[in-house]
Amino acid sequence: MAEATSPDLAVPALCILGDFTIFAAADLKPKIIEAINQGETDEVVIDLADVSEIDSAGLQLMVMAMREGAAQSKNVRFTRHSEPVLNLIDLFGLSGFFGTPALAGSTH
Amino acid sequence: MNLDDALNTFVIESRELLESMEEALLRVEQSPHDEDLINAIFRAAHTIKGSAGLFGLDHVVAFTHNAENVLDSVRSGELEIDGDLVALFLQVCDHMGSLVANVAEGKEFGEDIRQRSDELTAQLKGQMTAHQSAGAAGAPAEASSSAASSEHVAVPAGGGEGGAAHAETDNWHISMRFGKDVLKNGMDPASFIRYLTTFGRIVNIVTLLDEIPRAAEMDPEDCYLGFEISYRTDADKAAIESAFEFVQDDARIRIVPPHSKIGDYLDLIREMPETEMRLGEILVRCGTLTENELDAALLAQQAADASSEAHQPLGTVLVAEQMVSPTVVQAALQKQKQVKETKGGDASMIRVNADKLDEHINLIGELIIASASIDLTALKSGNPELLEAASVMKRLVENVRDSALQLRMVQIGATFNKFQRVVRDVSREIGKDIRLEISGAETELDKTVVEKIGDPLTHLVRNSMDHGIEPVDVRLARGKPPHGTLRLNAYHDSGAIAIEVIDDGGGLNKERILAKALERGLVKPEQMLSDDEIHKLIFEPGFSTAEQINNLSGRGVGMDVVRRNIRDLRGSIDIDTEEGVGTTMRIRLPLTLAIIDGFLVGVGGSSFVVPLEMVVECVELSQEEIDAAHGRQHLNLRGEVLPFIRLKELFDIADAPPPAIDADADSPFGLQLESGRDDLPPVDEELAFLLQPVRRENVVVVNYAGHRAGLVVDTLQGEYQTVIRPLGAVFSGIEGISGFTILGTGQVALILDVPGLVRRVASKESRVNARAASYVMRE
């Protein structure tokens with residue numbers, strides 16, 4: 001759940017590590033907003049490669065981030081979704097919303 | 001609480017649930033229409049499945065789910081409970097037990113376990129298909145009845161067409177709106193949806209993100225999610241509802257069955273916070289409704305709005321639409337009640353690790369010894385204040401001891417109830433109809449004893465069923481009811497607990513036992529044995545009749561092992577039997593293994609403890625009595641013959657030296673010991689009697705299992721709280737001693753094995769009796 005904010009232009013703007021759940025939500029929300037606010041380009045990239053666990057709270061933050069980006073006319077983009085993230089997006093039928101590929105062997 | 005703790009709780013709870021499930025199964029066989037029992041069985045399976053789902057134990061969930069399905073058919077009256085079903089469910093229950101055991105050990109489920117799961121699942125499914133036609137017939141009937149009852153309410157005036165038409169979909173529709181606090185309460189909407197996938201297929205899901213506010217207002221720990229799910233499953237509504245049991249208070253869940261009236265969907269649309277159009281579209285997106293159906297519904301809705309002034313209040317609609325089925329309401333109420341009961345239970349019961357309790361008892365044992373030592377010092381000092389304080393402390397220590405021992409006491413009922421299963425299984429196996437009756441289940445005894453009595457008791461029960469109770473034809477010929485009765489009984493009896501295994505079978509056949517014993521060389525032809533002695537031959541090692549060898553007795557535990565186990569617990573076993581009428585095997589066990597009230601006696605220089613509960617009285621053994629006995633080991637106690645044992649001879653103890661007067665006064669525990677012996681001047685043998693002018697002996701009369709005996713001792717030293725210490729293995733062969741204890745002085749006193757001594761005396765008694773009787777008559 002430690003995370004590194006990189007202020008320069010290099011992608012990503014934020015890497016979320018480890019727990020992306022209710023336990024980390026309160027800490028992560030301001031960091032995500034900060035990353036979006038500080039993003040100087042139109043594109044804010046959030047890296048999810050090292051998310052080991054995600055729950056509904058994490059997912060809500062992802063939605064919030066996308067909307068907040070849209071409100072600031074920035075394109076918030078998630079990259080390198082880890083397996084748990086993809087599973088949850090798939091379970092919630094939000095592949096279309098997040099633009100992630102549907103998992104093979106999906107239940108729906 | 002970390003996950004391990006939670007899992008541990010799951011394991012403990014599951015075991016308890018399985019126990020109650022087994023009990024209910026055994027009882028339901030007798031009364032197949034008892035709804036409470038059926039519900040209890042269902043609830044147990046259901047709760048285990050629910051909890052297992054929370055831990056992601058998919059295999060447990062999948063297996064239990066099948067069991068639950070069958071149980072549900074039973075509950076709804078589609079399936080009849082019969083012996084075979086109970087037998088199957090007992091196996092299911094056992095298997096669930098081994099699944100839980102596997103979870104407890106943190107192991108992966110092995111191939112054998114999975115195979116067993118598959119086997120049982122196939123059998124369960126077999127039960128279902130056998131009654132599927134009945135089930136299929138039941139479901140539409142239910143649906144149509146709900147349609148009938150709701151028709152006139154859902155669509156109050158006009159527009160009936162659209163509202164009453166049925167949707168085409170085969171899928172359930174589930175609407176979920178989670179409350180803000182769901183996440184904070186430790187629940188994740190995702191886990192509920194995952195759980196749904198364990199017994200059905202999510203055809204389509206729409207996640208509603210509309211409620212998530214702008215970043216500034218959003219509390220990251222609140223839940224804003226809603227879901228519309230099109231779901232295909234064979235489970236019934238109650239089963240689906242059960243998925244959301246844990247979140248009932250925190251979420252709005254609406255479940256619409258397949259082929260519901262369009263009106264039902266309308267109400268769903270009306271009720272949910274989203275606008276009608278939006279939700280309508282969602283339902284279409286889910287595939288629950290087609291465009292046409294939606295249009296029809298919305299038209300009907302408008303028509304209804306126009307023609308009726310009053311909109312249907314939500315609650316009425318809900319109830320009228322049977323969104324919440326009566327069974328669900330009932331289940332919810334029951335759940336609430338259960339929660340209340342558990343809370344009440346929590347307040348009055350705590351779980352304590354048995355090791356901690358043992359340690360506590362040990363410490364109290366030390367405390368008793370220390371207290372005895374203080375008591376002694378106080379007496380010696382003669383300081384009245386110290387004496388006062390010491391006596392108060394002694395009393396308190398006694399109270400603490402009693403309450404601590406009480407902590408270890410458990411009722412024997414739970415152990416007895418386990419035999420329902422044993423009796424049931426064995427009686428099927430051997431093809432006899434045997435019923436188990438239980439009495440005295442509330443009798444309490446030490447937990448350690450309870451744990452150790454299980455095996456011997458099992459063997460006795462099996463033995464009675466196998467050899468005691470006769471086959472039906474023999475029973476009928478003897479004029480007995482065709483079904484045999486086995487009774488387990490327990491009661492307290494002079495500081496011991498008696499446990500009886502009573503059967504109404506054929507009784508022991510004396511001649512046959514004697515013949516076998518002769519054949520095996522256990523007795524000699526010229527030996528005269530009392531009935532009791534003959535009966536007890538069955539406890540001899542190597543006594544096994546040819547007929548006895550079958551798969552019941554062939555477990556490597558003979559009756560001799562039973563007797564040894566019981567003796568290890570300082571207990572005894574005896575037999576009452578009457579040929580053709582029945583047999584009672586009576587086990588007697590001490591109530592506790594740790595601390596007893598003892599009676600301290602002195603023999604020569606040594607001290608012995610007799611368990612106080614077994615002491616009947618103390619009498620003086622006068623010289624006349626000794627003379628009258630003519631060297632024989634019995635005396636006349638108020639006209640009754642009392643055999644006695646001289647402990648001095650038994651243990652070969654030297655006479656104590658004549659006690660110094662002052663030392664005697666100082667030592668209430670009769671510590672006239674070796675201390676002075678070496679200092680004494682040599683005494684002329686012939687004049688010794690002058691130094692010891694009155695040599696009085698006392699007889700402690702003890703009673704055990706109905707037999708009396710006298711123990712001849714030198715001094716009576718009074719009550720003494722005794723912490724029993726086991727003897728080392730070196731001394732295990734010594735007869736007549738069951739342990740030792742430490743006195744307040746630090747001196748060691750041996751605890752007499754009264755049952756052993758009484759047995760020793762009693763075995764001679766019958767032969768001595770005759771002579772004694774003639775002796776009494778001569779007097």
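B:Cys223 is buried, with a relative accessible area of 2%, whereas B:Cys618 is partly exposed at 32%. Here buried means under 20% relative accessible area, exposed over 50%, and partly exposed in between, using a 1.4 Å probe and protein chains only. Over all chains there are zero disulfides, a disulfide being a pair of cysteine sulfur atoms within 2.5 Å.

## About the model

This is a predicted model, in which local features need pLDDT of at least 70 and side-chain atom pairs count only at pLDDT 80 or more, while totals for chains, interfaces and linings use all residues. Residues are numbered from 1 along each chain as its sequence is written, chains are lettered from A and ligands numbered from 1 in the order in which they are written, and side-chain values use heavy atoms, leaving out hydrogens and water.

## Where chain B meets chain A

Contact (heavy atoms within 4.5 Å) links 26 residues of chain B with 23 residues of chain A. The two chains bury about 2100 Å² between them, with carbon and sulfur atoms giving 65%; this is the accessible area (1.4 Å probe) lost on putting the two parts together, summed over both. B:Leu209, B:Ala215 and B:Pro220 supply 25% of the area that chain B buries against chain A, more than any other three residues.

## The salt bridge

One salt bridge crosses the interface, the term being a side-chain nitrogen of Lys or Arg within 4 Å of a carboxyl oxygen of Asp or Glu. A:Glu68 pairs with B:Arg214, their closest N and O atoms being 3.8 Å apart.
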